[in-house]
Amino acid sequence: MNSPAGVPGPAPVLVFLDPAFDGGRVADATKPQLMATDQGATRGDGVFESLLAVGGQPRKLQAHLNRLAGSAGLLELDLPAEERWRRAIATAISEYRGRHVPGAGDSTDDELVVKLLVTRGVEGAAGPTCWVQASVPGAIGRRQRETGIDVILLDRGYDSEVAERAPWLLMGAKTLSYAVNMAALRYAHARGADDVIFTSADGKVLEGPTSTVLLAHLETADDGAGGVRTLRRLITPQLDSGILPGTSQGALFTAAKAAGWELGYGPLEPRDLYDADAVWLISSIRLLAPVNHIDSREIGTPEQRKQLTAELNALYATIG
Ligand SMILES: Cc1ncc(COP(=O)(O)O)c(C=O)c1O
């Protein structure tokens with residue numbers, strides 16, 4: 001069932017960061033709430049975050065608040081204090097859970113998508129428009145955690161040094177201007193693929209339109225005592241190549257390191273993906289989506305993908 005607001009599932013809960021309301025102002029998501037002259041609408045000028053709440057608890061909240069502040073800084077947007085975001089998020093989650101019983105038809109699990117949205121505000125008025133939206137995750141992303149995804153490589157058209165040379169492109173910010181990312185996904189869907197990995201004009205692996213690229217390499221090595229040991233390495237593209245720093249990749253790397261994995265940061269080229277034992281697109285809502293094929297080439301084997309995905313899922317589950 002689609003809500004009147006066009007988000008899958010029941011109507012989302014909206015909570016505006018309104019200084020007159022201590023925990024934020026709950027607003028009706030089935031009624032218009034934004035001014036048509038808001039620069040978020042007229043220019044896509046703003047920033048956002050998407051995070052997952054499980055059992056009513058937001059995951060990696062501090063990392064998302066940090067990245068929101070970083071994105072806002074790049075756009076020279078003034079944000080409300082972190083505490084106000086925390087209170088509005090708590091209001092949105094408890095309001096949603098008060099309206100909908102988890103697992104009772106309108107949500108298969110106790111997961112919620114919590115979006116933090118900031119626009120430059122109404123033209124001519126002072127100050128940004130800020131709100132929190134709580135809604136149920138889409139079924140497709142949840143399914144893809146299990147089934148995996150087929151991906152195509154698409155050229156983003158910028159070289160991997162563009163972020164430093166042209167900071168006005170806001171490459172490392174999570175801006176509201178996701179029309180290009182959504183167009184890339186539609187392009188992939190029209191060609192029978194589920195998702196995209198962007199490459200740079202100089203042939204480097206970048207990121208997905210809504211996710212970070214992660215790959216695993218397993219190597220057997222002499223253990224120095226007449227036996228063999230398996231070296232396990234997790235690798236992601238280097239952060240200064242004009243990609244968004246992923247909070248999920250960051251948290252998973254910390255957990256993987258503690259579990260004995262070696263970590264690596266690009267530069268990566270498409271052949272590194274084809275040679276990997278497993279590749280994933282990782283993000284806060286869909287979590288780890290194992291990549292079955294890239295441009296029709298199989299990545300690893302079904303057994304390898306399954307086993308490594310289970311292992312990383314278990315590590316990810318330890319993250320707060
Ligand atoms: C372009 C892009 N890269 C990476 C990510 C993954 O970030 P996170 O793990 O913080 O969700 C996202 C998330 O939406 C994204 O939009």
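**Close-up 1. Polar contacts between the ligand and side chains of the predicted model.** In this predicted model, a polar side-chain atom of R67 is placed 2.8 Å from an oxygen atom of the ligand. An N or O atom in the side chain of T247 lies 2.6 Å from a ligand oxygen atom, and for the side chain of S248 the corresponding distance to an oxygen atom of the ligand is 2.5 Å. The ligand, taken alone, exposes 390 Å², of which the protein buries 95%. A polar contact here is a pair of N or O atoms within 3.5 Å; within protein, one atom must be able to donate a hydrogen and the other to accept it, and residues adjacent in sequence count only if both atoms are side-chain atoms. Accessible areas come from the Shrake-Rupley method with a 1.4 Å probe, and for residues only the protein chains shown count as cover.

Residues are numbered from 1 along each chain as its sequence is written, and side-chain values use heavy atoms, with hydrogens and water left out. Because the model is predicted, local features need pLDDT of at least 70 and side-chain atom pairs count only at pLDDT 80 or more, whereas totals for chains, interfaces and linings use all residues.

**Close-up 2. The shell of residues around the ligand.** The ligand is surrounded by 16 residues, the closest being K174, Y178, T247, S248 and S284; a residue is near the ligand if one of its heavy atoms lies within 4 Å of it. By class, the shell holds four nonpolar, nine polar and three charged residues, where Ala, Val, Leu, Ile, Met, Phe, Trp, Tyr, Cys and Pro count as nonpolar, Asp, Glu, Lys and Arg as charged, and the others, Gly among them, as polar. At least two shell residues each are supplied by α7 (247-258) and β12 (278-283), with helices (H or I, at least four residues) and strands (E, at least two) being DSSP runs numbered from the N terminus.

Close-up 3. E82 forms a salt bridge with R86, with 3.8 Å between the closest N and O atoms, and the side chains of E83 and R87 meet in another at 4.0 Å, N to O. A salt bridge is a side-chain nitrogen of Lys or Arg within 4 Å of a carboxyl oxygen of Asp or Glu. E82 and R86 are four residues apart in helix α3 (residues 82-99), and therefore separated by about one helical turn; E83 and R87 have that spacing of four residues in helix α3 as well. E83 and R87 also belong, with D22, to a network of salt bridges. E82, at 35% relative accessibility, counts as partly exposed, and so does R86 at 28%; buried means under 20% relative accessible area, exposed over 50%, and partly exposed in between (1.4 Å probe, protein chains only).

**Close-up 4. The salt bridge between R286 and D195.** The side chains of R286 and D195 meet in a salt bridge of 2.8 Å, N to O. R286 lies in the loop between β12 and β13 (287-294) and D195 in strand β8 (residues 195-199), so the pair ties together parts that are 91 residues apart in sequence. R286 is buried, with a relative accessible area of 10%, and D195, at 2%, counts as buried.
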